[in-house]
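Here are a few worked exercises on helix packing and an open pocket. Keep the structure on screen and try each task before reading its solution.

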Amino acid sequence: MGQEGSHNEEMDLAQIQELCIIFMKECPSGALHLHELKRIFGVQSTSEEESLYVETIFHSFDTNQDNTLDFLEYVAALHLIFRGNLEDRLKWSFKMYDKNGNGKLDRQEIIYKIKNRTSNISMTPSEICDRIFELVDQNNDGQITLSEFMEGAQKDEWLMNLLKLDINATGWPNHNINRNNG
């Protein structure tokens, strides 16, 4: 069993190495712009959720706020995508829900995020939102903090599946590595 995990880790490292080679080809200057990151990841302009996900990654890892990612910022972003643990991914999910960036989720932010993701659930977005707040909003203040979000998601499997990012970002570069090398 331990060897299987090691094999997966090696695959992840190989993917990261390949993406680093692409970075150097695409950005010989060492500065990667948002549109270039989207191209590397094959994000279509018609996919609002994928686009928002990559934009959030880009702006979060652009630590010096120069509207480009240098190589180290790029590698940090790749690390989250490929090897981030559950806690890291939940933090990212929280950021994706927190549209106004105030560190708390309100009903509008939750409904906005879930309304397009509930096709296989027999509840309305409003009912889902009510259930989320019942499960997670521990102090009943009408807002969900990061700690409430993290604790609630880890305690309830239904909620975990609903709240975590369901974009499989690791598949984008795999497809695009082959395209860029061809």
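**Exercise 1.** Find the handedness with which α5 passes α8, then describe their packing.

Solution. Helices here are DSSP runs of H or I with at least four residues, numbered from the N terminus.

Step 1: the model is predicted, with local features needing pLDDT of at least 70 and side-chain atom pairs counting only at pLDDT 80 or more, while totals for chains, interfaces and linings use all residues. Residues are numbered from 1 along each chain as its sequence is written, and side-chain values use heavy atoms, without hydrogens and water.

Step 2: the axes of α5 and α8 (residues 146-155) lie 10 Å apart, at an angle of about 125°. Axes are lines fitted to C-alpha atoms over the stretch in contact, and angles run from 0 to 180 degrees between N-to-C directions. The pair α5 and α8 is therefore oblique; angles under 35 degrees count as roughly parallel, over 145 as roughly antiparallel, 65 to 115 as roughly perpendicular and the rest as oblique.

Step 3: now look for contacts (heavy atoms within 4.5 Å). From α5 come Leu86, Glu87, Leu90, Lys91, Ser93, Phe94 and Tyr97, which meet Leu146, Phe149, Met150, Ala153 and Gln154 of α8.

**Exercise 2.** At what angle do the axes of α3 and α5 cross?

Solution. Step 1: the crossing is at roughly 110°, and the axes of α3 and α5 come within 11 Å. Step 2: α3 and α5 are therefore roughly perpendicular. Step 3: on the α3 side, the contact uses Glu49, Leu52, Tyr53, Thr56, Ile57, Ser60 and Phe61, and on the α5 side Trp92, Lys95 and Met96.

**Exercise 3.** Work out how α6 and α7 pack.

Solution. Step 1: helix α6 (residues 107-114) and helix α7 (residues 125-136) have axes that come within 9 Å and cross at roughly 125°. Step 2: α6 is therefore oblique to α7. Step 3: their crossing is right-handed.

**Exercise 4.** Which element gives the largest share of the lining of the largest pocket?

Solution. Step 1: a pocket is an open set of points on a 1 Å grid where a 1.4 Å probe fits, with protein on both sides within 12 Å along at least five of seven lines; lining residues have an atom within 4 Å of a point. Step 2: among the residues lining the largest pocket are Leu52, Thr56, Trp92 and Lys95. Step 3: α5 gives the largest share, six residues.

Key:
Helix = DSSP H or I, 4+ residues; strand = E, 2+ residues; numbered from the N terminus. Left-handed = near helix turned anticlockwise from the far one by under 90°.
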